[in-house]
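Me: I'm new to protein models and would like to learn how to read one. Could you walk me through it, step by step?

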Amino acid sequence: MINIAKPIISDEEIEAVTEVLKSGMLAHGPRVEAFQKEFSNYVDADYGVATSSGTTALHTVLLACGIKPGDEVITTPFTFAATANSVLYSQATPVFSDIDPVSFNLDPEKIEEKITDKTKAILPVHLYGQPADMDPIMEIAQKYDLRVIEDAAQAHGAMYNNKKIGSIGDMGCFSFYPTKNMTTGEGGMVTTNDADLAERAGMIRSHGESKRYEQSLLGYNYRMTDIAASIGLVQLKHVDEFNTKRNENAKYLNEGLSDVEGVTTPEIVDGNYHVFHQYTIRVSSKRDEFKDYLNDHEVGTGVHYPIVLYKQPYYSAAGFSGDCPVAEECASQVISLPVHPSLTQDELDTVIETVKAASKAVL
């Protein structure tokens with residue numbers, strides 16, 4: 001089976017973890033401090049706050065931005081549940097706006113119609129590693145005095161008009177889950193250029209402490225460990241190399257699949273540096289049969305994501321609804337194919353030939 005994802009862990013990461021284990025400093029310590037500084041420098045942000053996951057990074061950021069019960073946060077319904085769940089954790093309400101069919105990200109032209117007097121933030125997702133259209137989003141936010149929180153869980157190293165993702169909005173959130181472009185095993189990072197927001201995020205992720213054993217606000221235990229940070233420090237040195245290989249693989253797949261009937265390959269929006277966390281095609285019909293054919297022929301796939309959030313059982317039962325026809329259509333058509341840096345030339349060719357065969361057999 002050609003796997004849809006494959007984390008790259010070398011002896012360098014193993015040695016880094018061993019060093020931490022031998023040091024006796026296993027929890028939040030000097031490796032976390034170093035990782036925060038190096039990662040924030042990497043994304044051209046002034047501050048970094050490491051957390052235990054991408055989800056806790058999102059929750060931390062929403063609270064740091066002052067999102068409270070009764071507030072509304074505009075976001076996409078075409079994303080992993082953690083994006084909107086974090087809004088619910090903050091006792092606020094996610095409001096779903098439709099997406100652009102090329103980038104799969106929030107369509108800026110649809111955002112303003114969702115704004116009410118309760119709206120306090122816009123939460124764009126840089127889905128699959130493709131940056132959202134941030135300039136108009138920032139203009140809308142400025143016009144209505146809204147916070148912009150970047151969900152960059154899939155966008156390590158991505159750029160929008162030569163600006164690193166995670167440095168454009170008020171705050172950014174990254175995930176280091178094992179399948180991401182770089183990993184810490186599990187973990188997250190908050191980035192910002194605002195010293196006050198960084199300070200507040202730092203307190204929230206550590207029981208609300210302004211100093212040792214002095215709680216200045218309600219906080220949580222969302223801290224990263226030195227074990228995780230030691231992995232992250234090594235991975236960060238290689239993430240550009242990983243992203244370059246992902247782009248090379250994506251280009252090769254695009255060329256090989258350009259004329260396959262019923263298949264639409266991903267596009268890179270002008271001005272974007274796409275880091276291809278996922279290489280996601282659209283099929284004109286019979287998506288599930290198409291996916292099954294690929295899996296049956298040893299090509300791993302993923303569907304990211306098959307159900308728009310407001311149609312998820314929990315959200316539907318809670319009374320959420322939406323009118324996002326583009327997102328719903330994409331959810332019925334998308335299939336992610338292997339694009340990770342470990343793919344061999346033979347594996348890339350196998351993916352292409354199997355997709356061609358699936359098109360003839362299924363569509």
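Predicted model: local features only at pLDDT ≥ 70, side-chain atom pairs only at ≥ 80, totals over all residues.

**Reading spaces, strands and charges**

Me: What is the volume of the largest pocket, and which residues are the closest to its centre?

Reply: Rolling a probe the size of a water molecule over the atoms shows where empty space is left. Here the largest pocket comes to about 520 Å³. It is lined by 29 residues, and those closest to the centre are Phe80, Gln154, Lys180, His277 and Tyr305.

Me: Which helix gives the most to that lining?

Reply: Helix H3 does, with three residues. Both helix H3 (54–64) and helix H4 (82–89) supply at least two residues each.

Me: How many cavities of 30 Å³ or more does the structure hold?

Reply: A cavity is a space where the probe fits but cannot get out. This structure holds two of 30 Å³ or more. The largest cavity has a volume of about 110 Å³. Among its 15 lining residues, Lys6, Pro7, Ile8, Lys180 and Arg246 are the closest to the centre. The lining splits into seven nonpolar, five polar and three charged residues.

Me: And what lines the second largest cavity?

Reply: That one has a volume of about 60 Å³. Its lining includes Val102, Phe104, Tyr128, Glu267 and His274. By class, you will find six nonpolar, five polar and one charged residues there.

Me: Let's turn to strands. What is the order of the strands in the open sheet of three?

Reply: The order is S12-S14-S15, and the pairing is antiparallel. To find the edges, look for strands that pair on one side only: these are strand S12 (263–264) and strand S15 (334–337). S12 pairs with strand S14 (residues 279–283) over two bridges. Within this part of the sheet, threonine 264 stands opposite arginine 282 of S14.

Me: Which side chain meets arginine 282 in a salt bridge?

Reply: Side chains of opposite charge can pair when their charged atoms come close. Arginine 282 meets glutamate 329 at 3.3 Å, N to O. This pair links distant parts of the chain, with glutamate 329 in helix H11 (residues 325–333) and arginine 282 in strand S14, 47 residues apart.

Me: Is arginine 282 buried or exposed?

Reply: Its relative accessible area is 13%, so arginine 282 counts as buried, the cut-off being under 20%. Glutamate 329, at 41%, is partly exposed.

Me: How many salt bridges does a search of the whole structure find?

Reply: It finds 13. One of them joins aspartate 71 and lysine 68 at 3.4 Å, N to O. Aspartate 71 is buried, at 5% relative accessible area, while lysine 68 is partly exposed, at 43%. Lys68 and Asp71 also belong to a network of salt bridges with Lys120.

Me: What distance separates glutamate 112 and lysine 143 in their salt bridge?

Reply: The two side chains meet at 3.0 Å, N to O. Glutamate 112 sits in the loop between helix H5 (108–111) and strand S4 (119–123), and lysine 143 is in helix H6, 31 residues apart. Glutamate 112 is partly exposed, at 33%, and lysine 143 is exposed, at 59%.

Me: Why does glutamate 139 count as exposed?

Reply: Glutamate 139 is found in helix H6 (residues 134–144). Because its relative accessibility is 55%, glutamate 139 counts as exposed, the cut-off being over 50%.

Note on methods. Residues numbered from 1 in each chain as written. Heavy atoms only, no water. 1 Å grid on protein atoms, 1.4 Å probe; cavity = no way out; pocket = protein on both sides within 12 Å on 5 of 7 lines; lining within 4 Å. Points joined across faces, edges and corners; volume = space filled by probe spheres on them. Nonpolar A, V, L, I, M, F, W, Y, C, P; charged D, E, K, R; others polar. Helix = DSSP H or I, 4+ residues; strand = E, 2+ residues; numbered from the N terminus. Pairing = 2+ DSSP bridges. Buried < 20%, exposed > 50% of the residue type's maximum accessible area, 1.4 Å probe, protein only. Salt bridge = Lys/Arg side-chain N within 4 Å of Asp/Glu carboxyl O.
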